[in-house]
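Good morning, everyone, and thank you for making the time. I would like to walk through one model with you slowly, so please keep the picture in view while I talk.

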Amino acid sequence: MQENYLCTEEVTVIFFCVQISFTSRFWDKISRMENTDEIWMRQAIADAREAALNHEVPIGACIIDKNGALLASASNRTILDNDPTAHAEILALRAAAAMIGNYRLTGSTLYSTIEPCAMCAGALVNARVKRLVYGAADERFGGVDTHFGIGISEVLNHRMEVTSGVLADECRTLMQEFFRERRIGK
């Protein structure tokens, strides 16, 4: 009976090949995720531009299911609807929940051009959104990372995965230009 043993060099080479294969797959997945985030953030930006055309604060949001299919997208409509809760994130959540027939949006990802306020972040928690991706932080009203930790705090029964800064400059510029034009127009 002949026993086959691998020498140390062979084991190292085999381990190195497995490690490269794993690392390559890992970075491919990360790269695809970043690309996907930018694609969906562009949808949210298009919705934000629509809001600006309607003289609303230019915030847009879209939500995708766990398979990457668009469930809903929306823009701010607080002025048009005379509704203080008609933020883009809330409207997208309502439409997505209606589409699937369930208020629980487990496995979903919401994209927003600006960090959600406390109201919207609370709605994301109640809807059990798995992941939040936003563009620019909101220094005044941001309810996730900037002020209250809604959706990331251990105090709540549901926490979201949060990715911030996706196309942040473009999202921030939309807001800055909108408010600059409003100040000039007054």
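I will begin with the overall layout, then turn to the core, then to one helix, and finish with a pocket.

Please keep in mind that what you see is a predicted model. The chain has four helices and five strands, and if you follow these elements from the N terminus, their order reads α-β-β-α-β-α-β-β-α. Of its 186 residues, 38% count as buried.

Let us now look inside. In soluble globular proteins, nonpolar side chains tend to be buried together. Here, the largest nonpolar core has 45 residues, and those with the most contacts inside it are Met-41, Ile-63, Leu-93 and Leu-110. At least two residues of this core come from each of helices H1, H2, H3 and H4, and likewise from each of strands E1, E2, E3 and E4. The largest share, seven residues, is supplied by H2.

Which residues of H2 are buried? They are Ala-88, Glu-89, Ile-90, Leu-91, Ala-92, Leu-93, Ala-96 and Ala-97, and what covers the buried residues of H2 includes E1, E2, E3 and H3.

After H2 comes Gly-101, whose phi is positive, near 75°.

Rolling a probe the size of a water molecule over the atoms shows where empty space is left. In this model, the largest pocket holds about 620 Å³ of space; it is lined by 20 residues, of which Val-57, Asp-138, Phe-141, Met-175 and Phe-179 are the closest to its centre. By class, the lining has 10 nonpolar, four polar and six charged residues. Which helix gives the most to this lining? That is H4, which covers residues 168-185 and contributes four residues.

That is where I will stop, and I am happy to go back to any part of the picture.

Key: Residues are numbered from 1 along each chain as its sequence is written. This is a predicted model: local features need pLDDT of at least 70, side-chain atom pairs count only at pLDDT 80 or more; totals for chains, interfaces and linings use all residues. Side-chain values use heavy atoms; hydrogens and water are left out. On a 1 Å grid over the protein atoms alone, a cavity is a set of points where a 1.4 Å probe fits but cannot get out, and a pocket is an open set with protein on both sides within 12 Å along at least five of seven lines; lining residues have an atom within 4 Å of a point. Grid points are joined across faces, edges and corners, and a volume is the space filled by probe spheres set on the points. Ala, Val, Leu, Ile, Met, Phe, Trp, Tyr, Cys and Pro count as nonpolar, Asp, Glu, Lys and Arg as charged, and the others, Gly among them, as polar. A nonpolar core is a set of buried Ala, Val, Leu, Ile, Met, Phe, Trp, Tyr and Cys residues joined through side-chain atoms within 4.5 Å. Buried means under 20% relative accessible area, exposed over 50%, partly exposed in between (1.4 Å probe, protein chains only). Contact means heavy atoms within 4.5 Å.
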